[in-house]
Amino acid sequence: MEFASLLIASAESAQGIAAVDWNFLQLLWFVLLGVLLIGYTILDGFDFGVGILHPFVGKTDYERRITINSIGPLWDGNEVWLITFGGALFAAFPEVYATVFSAFYVPFMLLLLALILRAVSLEFRSKFEAGSWRGLWDYLFFGSSALAAILFGAAVGNAIMGLPLEAAGEPVASGRVSLDILREMTMLDKLAYQLSWYPLLCAVFTVTIFGMHGSIYLYLKTEGELQERCKRWVWRWFFAFAAMYVVVTIATLIAHPHVTGALTEFPFLWIIPALNALAVANIPRAMYKGRPAYAFISSCATIAALVFLFGMALFPNLVINTEGVNMTIANTASSDHTLTIMAIIAAVGMPFVLAYTGAVYWTFRGKVELGKFSY
Amino acid sequence: MELDVVQLQRMQFALTIMFHYLFPPLTIGLGVLMVVFEGTYLKTKKPIYEIAARFWTKLFAVSFAVGVASGIVMEFQFGTGWADYSRFVGDVFGSALAAEGIFAFFLESGFLAVLVFGWDRVGPKMHFFSTLMVSLGSIFSSVWIIVANSWQQTPAGHHIINGRAEVVDFWAVVFNHSTIARLTHVWIGAMILGAFFVLSICAWYALKRKHMTFVKTCVPIALVFAFVASLLAPIQGHYQAHNVYENQPAKLAAFEGLYTTPKEGEGAALSLFGIVNEDENKIEAEIAIPGLLSFLIHQDFSKTEGIRGLDQYDEVDRPPVAIPYYTYHTMVGLGMVFILVTSLGMFFLWRGKLYDKRWFLWVLVLAVIGPYIANQAGWVAAEVGRQPFIVYPNDANYTADNGTVTAEAGWTETTTEDGTPRLTPNERTSLRTQDAASKSVREEEAIFSLIIFIIMYFILFPVWLFVLNDKIQRGPESEEEVAAAKKARDERKGTGFAATAVAGADKAKAQSMTQAKQDKPAGGSDQPAADATDDNDDVKEDV
């Protein structure tokens, strides 16, 4: 019953793209947010994957140190993509930032908890050699990585599913929304809604993506027996991922048909799912042929395409309102003046960011070596 | 019920920001000192400076990691806990935050990797460059966050339209009335903390008679930094307080415990000590210097122009007094202690007796707590003194829903029947803290998150201290250790992998060498056998 009403509501909320009067700057920032999200998902994606694999592939302390140090110098910079994404969302679409972050209060707090625990378990694990000390941080590292992956997946599911923002018919004036329905829901009501079957399905899917991505990354960074074990995990994760991909696609098309809106409007964008399928198919091919670097690139491309499709599923909306008018890139954006200033900041800053991100990855290229300064 | 949520959110914000602020001032101050140590090493080639740089980098990294982890919370919290605030300021505040992400965070975290893990990966020049960039990054991030915070205190460069503040003049937002004063104040506070941190650890070693070469290298540099910064603090602080007088007289009244407006001709006293009685609106057992506040502001002991007591404001528009009064006085008092301690230190250093004065070394060991308290106290005074507003009343153009634009003043001055002036804030250009929290967040959610953070920080803080203590007990590396590490780095040029690898690495080394050989035809991106100086050049080109 509840499911049926949700289905109808989401179908109704699929409003025509043409009806939304957006301008170039708003589109630019929608795209740039997408770019930041792609960057973050690819980079921190393998960090999470490594975290999820950590207790399973590493049998000895030495091997576990290898897995941790494969992301050791990089995870911090990778996380900055998330911070910048958050800052850019705040700046470009403050209304969305405010509504979403406060509506998903408890899941966000759990996410923060997971990110902090992950950071400190990486940092503190190596400080003492006692087995119990390291074991504790190993499991915290695993648990927090898995929790973060689950919550990110659930967030995507919720974005597709939408939020009950206000009673139907009440217009969203300059992005302002009424939050009466959310305010009436208790903490547990909200959690039950936000962690219902569809977001959880997306969460499992996300875990398989990161697991696959991380295991290919570890395969690239390790040697010997450890590498062989990673390889087995690549296959396991790949099949889990492929199965979940099919399940999630079918579930989405049935439960939330509005996701194809943009594809109907701009048919040439079908190229993205097509390329995505090729990238997915290339992963087992490359692994089989012993070219893990290609597998990794394909895995990156897969993630990029999935985030792109996620953006397409939303566009031009940012928050789907199951009860009324959606929050779009037009009615929630900052002023054009601010968007222009930010575009200048991004244009000046991003080349530097890419240059020194490249420099750091170059410095730490190759197989993991444990040195005096490793974790 | 709504009041409770706001109080809970305020408690959570206070907890998370105060915890976070244990780390940034340390990394800003220590970062500058690391640049000095490593720069001196590059110039003089004396190994002891490299030992110093390597040691402080380790302590820096531990603190930086906790700073980053706790900093993520801060950024998300504007949206989770303070949604209506985010709606009001997003257009203005957001650009500063985005700039911080793009200019500062990427710089810091990217080069931090090279700084911490790169000693045996890159050449000395590239490493120094990374140290410089990390230090610069941490300074940049202080710039943008202070811009945002100063805008809340003294908003400028915006207009109010669509029920929110929107940018009109970006540079007027950046250089609002209090940015420069507050930024320099924060930097000085950070420098004092960084220098006292170094002094404290060195004094500990000196008491144990350990690592004396290291101590005698670090102490003079840190002491000079601490001395100069401590002397600058009151000079700059005076300028800063004058800024508060100009822009936020109610806050100054709270700092000084000025419940009653001083009478013209009598001058305003400078309160040195007292007990705040908020029920009866007075300071008890007060010790004050008559006329000194007037003198500091107007260079005239009797002039009181513009000095306002809290009696000129309605009760609902007044900041609380006790917290700002005590924290402000704590900060100023500690500032005087820093001057005393560093002057004594300079004197003993000059007489060559510093390392023999055991009592004074103990003072230095413990003195590091002072700058921590002073930094926190100063911020508490600044933020609580801004209450009950989250965005302070300000002059701005206001566009109504029907499109009419009016120029509004932040405060309107009227005269009451008994002839005293009365200031009324402009509710249209300002935002009260009471109205700024998230409306969709319920009490139980706020309690849940507050408990999470309390538990987490109560675990994190001891762990941080524990690890820091462990690194301090181990002490700096010896000259031989550093030489061995460098020799190993140089050997890698010839032998390939893992010459520096630790226990159990021999097997891996053999494997990796075979692996390296196999990989060679593939294009060599997998072989770090490349000359360290080549790495250096490559990276430079990329930058």
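**A guided tour of chains B and A**

Begin in chain B by selecting helix H5 (residues 124-153) and helix H13 (residues 369-384), which pack at an angle of about 40° with their axes 10 Å apart. Because of that angle, H5(B) is oblique to H13(B); oblique covers whatever is left once angles under 35 degrees are called roughly parallel, over 145 roughly antiparallel and 65 to 115 roughly perpendicular. Axes are lines fitted to C-alpha atoms, for helices over the stretch in contact, and angles run from 0 to 180 degrees between N-to-C directions. Helices (H or I, at least four residues) and strands (E, at least two) are DSSP runs numbered from the N terminus.

The model is predicted: local features need pLDDT of at least 70, side-chain atom pairs count only at pLDDT 80 or more, and totals for chains, interfaces and linings use all residues. Residues are numbered from 1 along each chain as its sequence is written, chains are lettered from A and ligands numbered from 1 in the order in which they are written, and side-chain values use heavy atoms, with hydrogens and water left out.

H5(B) contributes Ile146(B), Asn149(B) and Gln153(B), and H13(B) contributes Trp379(B), Ala382(B) and Glu383(B); contact means heavy atoms within 4.5 Å.

Move to helix H12 (residues 358-367) of chain B. Its buried residues (under 20% relative accessible area, 1.4 Å probe, protein chains only) are Phe360(B), Leu361(B), Leu364(B), Val365(B) and Ala367(B). The buried residues of H12(B) pack against helix H7 (179-208), helix H11 (322-350) and H13 of chain B.

Now select strands S3 (residues 270-277) and S4 (residues 282-289) of chain B, which run antiparallel and are joined by six bridges; strands pair if DSSP finds at least two bridges between them. Asn277(B) stands opposite Lys282(B) in S4(B). Four residues lie between the strands of this hairpin, where Asn281(B) takes a positive phi near 55°.

Turn to chain A and select Ile209(A), in helix H10 (residues 197-221). Ile209(A) counts as buried because its relative accessibility is 9%. Leaving aside residues up to four places away in sequence, Ile209(A) touches Phe241(A), Ile303(A) and Leu306(A). The C-alpha atom of Ala149(A), 60 residues apart along the chain, is separated from that of Ile209(A) by 9.4 Å.

Finish with the cysteines. How many disulfides are found over all chains? The search finds zero, a disulfide being a pair of cysteine sulfur atoms within 2.5 Å. Select Cys230(A), which is buried at 0% relative accessibility.

Notes
Buried < 20%, exposed > 50% of the residue type's maximum accessible area, 1.4 Å probe, protein only.
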